[in-house]
Structures are given as C-alpha cells and as structure tokens.
Amino acid sequence: MKMKLIVPLALAAVFAVPVHAASSDELDMKAREMMKDSFKETGIAKKHRMLQLDFQEACSQAKLPPTAVMKQIEAEQMKTIKWPSDGKYYGDWKEGEKIAISGRGLTWRDKADAENGGGCYNCHQLSHNEISYGTIGPSLLEYGKLRGNSDEMVKYTWGKLWNAKAYNACSNMPRNGDAEILTEQQIKHLMAYLFDPESPVNKR
Amino acid sequence: MANPMRIRAAAKEGVTEVRVLMSHVMETGQRKDSSGALIPAHFITELTAKHNDKVVLSAQFGASVSTNPYLAFKFNGGAKGDKVTVSWVDNKGDSRSDEVQVS
Amino acid sequence: MRNALKLVAVAVAAVVVAGTATAQSTADDIAKYREMIADGNPAELYEMQGEELWRTLRGPKKATLEKCDLGMGPGVVKGASARMPRYFKDTGMVQDLESRLLTCMETLQGIDPKLVIDGKFNSGERKTMDALVAYVVTHSKGDAIKVDMSNPKMKELYALGERAFYYRAGPMDFSCATCHGEDDKRIRLQDLPNLTTHKGAAAGWGSWPAYRVSNSQFWTMQHRLNDCFRQQRTAEPIYASEVTIALSVYMAAKANGGEVMTPGLKR
C-alpha cells in the first residue's frame, strides 16, 4: 500500500521540475553545487578554498545581513585577534612600505613558502609619494598624523589589520593576521608605516 | 614562417598615410622564462616600405620596440590603386613581406 | 582652539583637491594613451589568424568550421557574439562563445574539447581558440548587446550567476562584488566597472575579449574570468565550466542594449 502511494508522487515530482521555476532554496543549493563542481585544484589553491566560512556565507549577498547577525560575527571575529606577543606594536616603516606595495601571494601561481604582500595600495592611498593607489578602501594618507597614537587608536589599528571583520562583519578587507596572510612581524612593520612620523604616510 | 601584417594605405590630397600592424614577439634577449633561463633575443632589425617600386621608408628596428609593433607614416604622392609593400627582416633571418593597394 | 581646528579643515580640503587633480590627470593620460594605440589594436593580428583558422581543414575529420552554428545558422558569424551566451537546442545547454566553439570543433572537426579545457593559456588549442574568438567577436563590433533571456535555462543561469558574483570564499574573503560592486572604484590606477549596473556591465562585458598591451596577449572572456578568480585567491575555475557561463549570462543580461566594442584594447 505504501509503495503504491510513493510511486505516483515520485513521478509527479519528476514531471513537475521543468514546469515550475526553481525556488530560491533550490537555486541556493544548485549554486553551492556549482561552486564546488566548477573549480579545480591548481598549485597551492586547493579546492577547499571554495567552501565558505559562516561569516563568508552570511556576507555573500547584495544586501548586508541584519544588524544582530553583523554584531554576532564581529564579536566572534574579535576573539581571533592576537595582540603582539612581546607587547611591541611597531616594526620598521621601510619594511612596512614594501609590504604595502606588494600584492603578491596565495594565488595558484605562487609558491607555498613565498612571503605574501599586504596589497594595501590596491585599495588604499597611503604615502604622499605613491600616486598609484586604489580607492576601494578609504584614504589612509597621514594616518598617524591625523589620528594620533593614543593606546585606543594603536590597538584599534592593530586589530583592524589582524582581522577587519571584528569591526565590520562584511568588510572588503582581508583578515591579514587571522587568515595567516601576513605574519605578526609584517603587521608590526605596517603599523610603523602608518604611525611613524618619519614614514612618508605622515611626512611630506 | 612569420605571420602576416595588416597594412592600410589611404591617399588624400596628394599624401598617402600608411598604417602597419606587425605580428612579432620582439624578444629583447633580457627576459627570463619561468625556470630562470634567458629567452633568446628575437626582434625585427630592418623594415622597408615601397610605393610601387620606390622605397619611401627605410627603418632600423631594435629590441626596444614593443611586441606586435604598430607603425604609421605618410609619404608624398600615391594614388588610389597604387601598390604599397612593407617588408621586414629579423635578427634570426626570418622575414615577411606584404602588400596592399592604396584606397 | 577653534582657529587650530579651522586650519586643519582647510589643510584637509587642500589635500583632497590635490589628490583628485592627480588622479584625474592620470586617468586622462591613460585615456590619451588608449586613443593613441586604438588605431593599431593588435587584436587584429589574432583576428586575421582566426579568419584563416575558420577556413582551415583541421582535426581528425579534416574539416573547417564554416558550418559552425553560433546561433544564427550554419557559418553565420556576423552578429553572433552580440547574442551570446544563448540557449542552444542541439546541445540542450546555454553556451558562451568559447564553449560553443568547443562544440563545433568537436562535432565538425573531431577535436577533443579536453585539449582546450585541460590546456594552458597562450599555447596549443587554447591559442587556436583565442584566434577564433578574436575573429568571431570582431564581426559583432558596433552591434547592440542582444541576449535573449526568455529561455528558462537562461533565467536559471542568471540567478546562479548572481549568486556566484556575491560568493565570498578563500583566504582573502573576496567575491566578484568586492571589486565590481560599487561605482567609481579603482585597483591601483585601474578603473573598475560596477558590474551590478547596466552602465558598468555594458562597459565591462562590452569591451572583452580584448588585447592587453601590458602583456601583449589577447584574452578571451574565459581568460578574463580565470584571472579574476586567480586574484580572488579561489581555486581555479575549470575552462567553460558552469560558473563561467553563469557569470557571463549575469553580466551579458545586465549589459543588454549596450554596445559591443570587441575586440577591446586594455592596459
């Protein structure tokens, strides 16, 4: 008796598919399959890169998620921030400039042991001297000069460099520290580039 | 064998404008491939342009000219239906010659 | 204190003005440079090769592509790429120009599509594909982008393409929208079209495939998308895979009515 019921239902389902347009849920599922099946592993770019972290999924729409969801993501990401192990926030601004200029690393053409760049200039204006800068992020020209170097500002900047999602859940900026794009030492160099009065970011 | 050039020649008020697009790698001999080995120099060294049988332009090319070079020049004279021939020779002895009718 | 604040405000305003002026003149210079070289777009060299290849007997079947149906009937090239991607009844699939050419190469010439799908850019059959694409797209230059969205499969791919466009993943959390979701943004000095708008999509979709002056290469849309994903730091999209078709449908539909400017000329 049960069998008899199931068979016609299954047939109905098969015939129904081409007739009605796919629902939003069905499309979501198909899209997930597509993002899995349309990609292959090349070099260091493994297939697992196509799997989404929870916050990546929440931030994958034209609209931002609800405020409560954003707050929750930010609180979780805040926990990932590692403060400088020796309590020192600054490295060498000259090294920082090199890291800010380099956009290299983590593509399928790069080697696993290569040192990554920060790619800062792709999106931000920083120094008085570099005219080739992007505008996806805000201008950081005279960053330290305009904002000062209060404990609060220094800590905020470190945290933002380490994991921007702790301050804005769906920020365009990568999680440099948390995603191991940059090392702690590299982030210290960038801190010096932003805050050192002698850095061309602040000194004309 | 070398790939064809695209040549356009147009006469207007007694002056013919010629535009040439060449297909050539124009390797400088200074670049390295992905394994670090030097890529051998390979570039056009001489170019000649003729209006019918008369040479109207003779040029020396070198490694500083870009890949797939573009060259535009004008010469006095020339009429619709005349022949313009452009030929080049590269440092490996390869050559190419193409001709077009003036429009 | 008030005076000091005012001074700061004036200084900031001056900096902003100076910054805009520099960026503006740089953009102007780039536009001027483009104009200078536009007359001799080396994509024409690829087009010439492609035209020859179209008529060359190739593959195990020793056939030409002259009977290839790009949607306008066998052998019709004029206006074909302006209407792609499109749904093809014979394959039952939505295909972009490259995937359709793969079908023609396979059915007419007996050339294994894997030679292109698993190949490398700028070599072998992918290089052949570049030339063929250059030939076909040149014959839609100046046409209006006219993609027929009435087929349900086109609608579904549009919806999937939109999801792919906003899909954030990988070590840098990027999606297509990170760079192409807002007006008037740049990476370094490179202007980025906002592909979520008609204007931006028409500018972007309408000007690829293109010859890139910086590396002297002709890039098909498949190559363009591949390099976008490389810079997003995702895994590598498979040539002519569903995601590449879906994103193409998404962009082309947004661009509908815009002008085909292919082959374009890029930095």
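Which pattern does chain A follow when read along the sequence? After that, please describe helix α6 of chain C in detail, and then the contact of chain B with chain C.

Guide: The model shown here is a predicted one. Read along the sequence, chain A follows the pattern α-α-β-α-α-α-α-α-α-α. Chain A has 204 residues, of which 41% are buried. If one takes the contacts in chain A between residues at least 6 apart in sequence, 59% of them join residues at least 24 apart.

We now turn to the helix. Helix α6 of chain C covers residues 152-165, which is 14 residues. From the first C-alpha to the last, α6(C) reaches 20 Å, and this is close to the 20 Å expected at 1.5 Å a residue. The N-terminal end of α6(C) is capped by N151(C). In this cap, a side-chain oxygen of N151(C) lies 2.7 Å from the backbone nitrogen of K153(C).

The buried residues of the helix deserve attention next. In α6(C) they are M154(C), L157(C), A159(C), L160(C), G161(C), A164(C) and F165(C). These buried residues pack against several elements of chain C, namely β1 (86-88), β2 (93-95), α7 (176-180) and α10 (242-255). They also pack against an element of chain A, the helix α2 (24-37).

Chain C also meets chain B. That contact takes twelve residues from chain B and eleven residues from chain C. The area buried between the two chains is about 1100 Å², and carbon and sulfur atoms give 50% of this area. On the side of chain B, the residues that lose the most area to chain C are R6(B), L21(B) and N68(B), together 47% of what that side buries.

One of these residues, R6(B), also forms a salt bridge with E47(C), in which the closest N and O atoms are 3.6 Å apart. Across the interface of chain B and chain C there are three salt bridges. The count of residue pairs in polar contact between these chains is four. The elements of chain B that give two or more residues to the side touching chain C are β1 (6-12) and β2 (15-21). By class, that side of chain B has five nonpolar, four polar and three charged residues.

How values were computed:
Residues numbered from 1 in each chain as written. Chains lettered and ligands numbered in written order. Predicted model: local features only at pLDDT ≥ 70, side-chain atom pairs only at ≥ 80, totals over all residues. Heavy atoms only, no water. Contact = heavy atoms within 4.5 Å. Buried area = accessible area lost by both parts, 1.4 Å probe. Salt bridge = Lys/Arg side-chain N within 4 Å of Asp/Glu carboxyl O. Polar contact = N/O pair within 3.5 Å; in protein donor to acceptor, adjacent residues only side chain to side chain. Helix = DSSP H or I, 4+ residues; strand = E, 2+ residues; numbered from the N terminus. Nonpolar A, V, L, I, M, F, W, Y, C, P; charged D, E, K, R; others polar. Expected span 1.5 Å × (residues − 1). Buried < 20%, exposed > 50% of the residue type's maximum accessible area, 1.4 Å probe, protein only.
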